[in-house]
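Here is a short briefing on aromatic rings and helix packing. Please look over the sequence and structure first.

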Amino acid sequence: MNKHFNDDGLDYRLFTPGPVEVPDWVLREMGMPNDTHRSIAYREMHAAIRKNMQKILHTKNDILLFTNSGSGIMEACVRNLLSEEDTGLFFSCGAFGDRWIKIAEMNGKKFDAVKVEYGEAITLEMVKAKLAEKKYPVVFITFNETSTGVLNPIDIIGPIVKEYGAILCVDCVSGMAGTLLKVDDWGIDVAVASVQKCFGIPPGLSLCSISQRALDKAKTVKNRGFYLDFLTIHKKGLKDEHPITPSIPQIRALMKVSAKIVEITPEKFAAQHTERTDLIRNWAISHGFEIFSPEGYHSQTVVAIKNNLNIDAAKFVSELFDRGYKIVNGYGSLKGKNFRMAPMGWVTAEDTEKMLKVASEVLEAIK
Ligand SMILES: Cc1ncc(COP(=O)(O)O)c(C=O)c1O
C-alpha cells in the first residue's frame with residue numbers, strides 16, 4: 001500500500017490546480033450501477049447535463065461531452081474550425097496558451113500568435129489591434145491561465161471578436177464554474193473545460209459549449225478526424241447519445257455535480273471560489289509576498305504567488321505536503337519563481353483557512 005493511502009483514500013488534502021479533491025458524494029455517485037450508453041438511463045444523464053450546463057454557462061448553445069481531457073477539445077477546435085486556407089489567431093499569456101499554439105503547429109495549421117510575458121494578461125487593446133491588422137476566421141484564447149494565475153477579460157474581449165466576425169474559442173479548463181461565465185453575452189463560440197478542475201470530478205471527461213456558427217464552420221472544414229469530430233458528437237448528442245463508449249462514471253458524476261451547482265446557483269458557486277482565492281491572496285500579501293498576476297486580472301480559482309521573498313519554494317511545497325497539504329510549485333519554467341495554491345471545487349473557506357495556518361507555520365520554519 002502506498003504510504004499516503006489510508007481508509008479514507010489519501011492522508012493529505014489537495015489545494016492543487018487540478019486534478020482536485022473529489023468529495024465522497026461524487027465518488028459514491030460514480031460507484032452507482034450503470035446501464036450501457038445505449039440505454040434510457042444513459043440518455044437521461046446526458047440530457048440532464050446538457051440542461052444544467054446551459055444554465056451554468058448562461059447559454060442557449062448546445063453542450064458536447066468528450067471522453068478525453070480538455071487538451072483533446074483544444075485539439076478538436078483546431079481540427080474542426082481551421083481549414084487548410086485559414087490562419088488562426090492565438091493569444092497566449094502562459095503555458096496553456098502556448099499549448100494551444102503547439103497543437104495548431106502539430107496539426108499543420110497556419111496561425112499567427114500574440115504572446116505576452118508570463119505573468120501578464122491579454123488586454124482588450126491587444127486583441128483590437130491584432131484584429132484590425134487582418135481578417136481572422138477563428139480566435140483562440142485562454143480564460144484562466146493556470147500557470148500564472150491570470151484571468152483574461154473575456155467579458156470585454158468576446159464582443160470585440162464577434163464584431164470582427166471571428167469565431168471565438170476559449171480555454172476555460174481551470175475557470176469554468178469556479179468563475180462566472182456568460183457564454184452568450186460574451187459571444188463565446190466554444191467554451192472548453194475539463195471536469196477535474198472546478199467540478200471536483202476525477203479526470204477523464206471534458207465538455208464544451210458550442211455555437212451554431214462554430215458548427216456551421218465545421219461543416220466547411222475537411223479532415224476533422226474521427227474521434228474529435230464536433231459534428232458527429234453534436235448529432236448524436238441531440239438525441240442524448242454519444243458516438244463512442246463514453247466514461248459513464250464521470251458522466252454520472254457530472255450529472256450530480258452540475259445539478260448541485262444549479263441548486264447552489266452558478267453565481268454563488270463562483271463567489272465561493274472568489275472568497276477562497278481572496279483568503280489565499282490576503283495570506284500571501286500579509287507574509288510579504290506579491291501576487292504573480294497583475295491587479296485587475298487575478299484568477300478566482302488559482303493563486304500564483306510570486307516568490308519575491310526568495311524562499312526555497314520546493315522545500316516549502318514539500319514541507320507543507322509533509323504537514324498534510326499539497327500545493328504546487330510554478331509550472332515549467334516558472335518553477336521557483338512562483339508557487340500556486342488552488343482551492344477549486346468543493347473545498348471550503350474553512351479548509352482553506354486551516355491550510356493557510358499550517359502554511360504560515362511551515363514558512364516560519366523554513367525562512
Ligand atoms: C488552462 C488550462 N488549459 C488546458 C489544460 C489542459 O487540460 P487537460 O489536462 O484536461 O488536458 C489545463 C490543465 O491543467 C489548464 O489548466
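**Aromatic cluster and a helix pair**

F90, W100, F111 and F140 form one aromatic cluster. The model is predicted: local features need pLDDT of at least 70, side-chain atom pairs count only at pLDDT 80 or more, and totals for chains, interfaces and linings use all residues. Residues are numbered from 1 along each chain as its sequence is written, and side-chain values use heavy atoms, without hydrogens and water.

**Aromatic pairs**

- The whole structure holds 14 aromatic pairs (Phe, Tyr and Trp rings, the six-membered one for Trp, with centres within 6.5 Å).
- The F90 and F140 ring centres lie 4.1 Å apart with planes at 5°, so this pair is stacked (planes under 30 degrees apart).
- F90 sits in strand 5 (residues 87-92) and F140 in strand 7 (residues 138-142), 50 residues apart. Strands are DSSP E runs of at least two residues, helices H or I runs of at least four, numbered from the N terminus.
- F90 is buried at 1% relative accessible area (buried is under 20%, with a 1.4 Å probe and protein chains only).
- F140 is buried too, at 0%.

**Helix packing**

- Helix 12 (residues 313-322) packs on helix 13 (residues 349-366) at about 130°, axes 10 Å apart. Axes are fitted to C-alpha atoms over the stretch in contact, and angles run from 0 to 180 degrees between N-to-C directions.
- Contact (heavy atoms within 4.5 Å) involves K315, F316, E319 and L320 of helix 12. Helix 13 contributes M355, V358, A359, V362, L363 and I366.

How values were computed
Phe/Tyr/Trp six-rings, centres within 6.5 Å; stacked < 30°, edge-to-face > 60°. Buried < 20%, exposed > 50% of the residue type's maximum accessible area, 1.4 Å probe, protein only.
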